Amino acid sequence: MQYILLAALMIALDQVVKYWALTSLQAQQTIPLLENVFHLTYVENRGAAFSLFAQFDSRWIFVALAVIVSVAIVVVLYKHLIQTALGRWSLVLVAAGALGNAIDRVAHGFVVDLFDFRLIHFPVFNVADIFICVGGVLFVIYFLFQHKDEDTAAASTSAEEHKADD
């Protein structure tokens, strides 16, 4: 339940920021916060990450993908297949980001992006993109350092029990 509540709050934060971009930033196009370093710039992203696949109407493919990934994450969390809080929260971040961008695709036909790091010529992105990227990195960390296969976990539990018997 706490995962659903936090995911809903993350989606709401993403949508509030995008609403502000649509209603205020769009008219100005860009607001330099640090000139030529970091701007808030209104961009309509009709593709995927970094505007990939923007040359054709791919929005329904990405909406379907977001729903499928989010349902898979709910199933994985419900079945307790992720062993640590870090792993579980990483998936919540990914689902919230995917659904936040899917809402844009359904409501507008594009994703609203606004964070513009001009110093390194990084693609313009949004809050949902941050959730997806941070969640992805955290999941890799979980998988590399915290996840144990069932056989490995059972073997280590058995070894610990033998040590306790000695």
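The dialogue below takes one feature at a time.

A: Start with the ground rules. This is a predicted model, where local features need pLDDT of at least 70, side-chain atom pairs count only at pLDDT 80 or more, and totals for chains, interfaces and linings use all residues. Residues are numbered from 1 along each chain as its sequence is written, and side-chain values use heavy atoms, with hydrogens and water left out.

Q: How many helices and strands are in the protein chain?
A: Helices (H or I, at least four residues) and strands (E, at least two) are DSSP runs, numbered from the N terminus. Here there are five helices and three strands. Along the sequence, the pattern is α-β-β-α-α-β-α-α.

Q: What percentage of the residues of the protein chain count as buried?
A: Buried means under 20% relative accessible area, exposed over 50%, and partly exposed in between (1.4 Å probe, protein chains only). Of the 166 residues, 35% count as buried.

Q: How are two packed helices described?
A: By the angle between their axes and the distance between the axes. Axes are lines fitted to C-alpha atoms, for helices over the stretch in contact, and angles run from 0 to 180 degrees between N-to-C directions. Take helix 1 (residues 2-28) and helix 3 (residues 85-108): the angle is about 40 degrees, and the axes are 9 Å apart. That makes helix 1 oblique to helix 3. Angles under 35 degrees count as roughly parallel, over 145 as roughly antiparallel, 65 to 115 as roughly perpendicular, and the rest as oblique.

Q: At what angle do helix 3 and helix 4 pack?
A: At about 155 degrees, with their axes 7 Å apart. Helix 3 and helix 4 are therefore roughly antiparallel to each other. Among the residues that meet are Leu91, Val94 and Gly97 in helix 3, and Phe131, Ile132 and Gly135 in helix 4. This contact has 14 nonpolar, seven polar and one charged residues.

Q: In which sense do strand 2 and strand 3 pair?
A: Two strands pair if DSSP finds at least two bridges between them. Strand 2 (residues 38-45) and strand 3 pair in the antiparallel sense over six bridges.

Q: Is strand 3 mostly covered or mostly open?
A: Strand 3 (residues 111-117) is mostly covered, with six of its seven residues buried.

Q: What is the phi of His80?
A: Most residues other than glycine have a negative phi. His80 has a positive phi of about 55 degrees although it is not a glycine. His80 sits in the loop between helix 2 (59-78) and helix 3. His80 counts as exposed, at 67% relative accessibility. His121 also has a positive phi, near 55 degrees. His121 belongs to the loop between strand 3 and helix 4 (127-145), and at 71% relative accessibility it counts as exposed.

Q: Is Gly47 buried or exposed?
A: Gly47 is buried, with a relative accessible area of 0%. Gly47 lies in the loop between strand 2 and helix 2. Gly47 and Arg105 are 58 residues apart in sequence and 9.6 Å apart in space, C-alpha to C-alpha.

Notes:
Contact = heavy atoms within 4.5 Å. Nonpolar A, V, L, I, M, F, W, Y, C, P; charged D, E, K, R; others polar.
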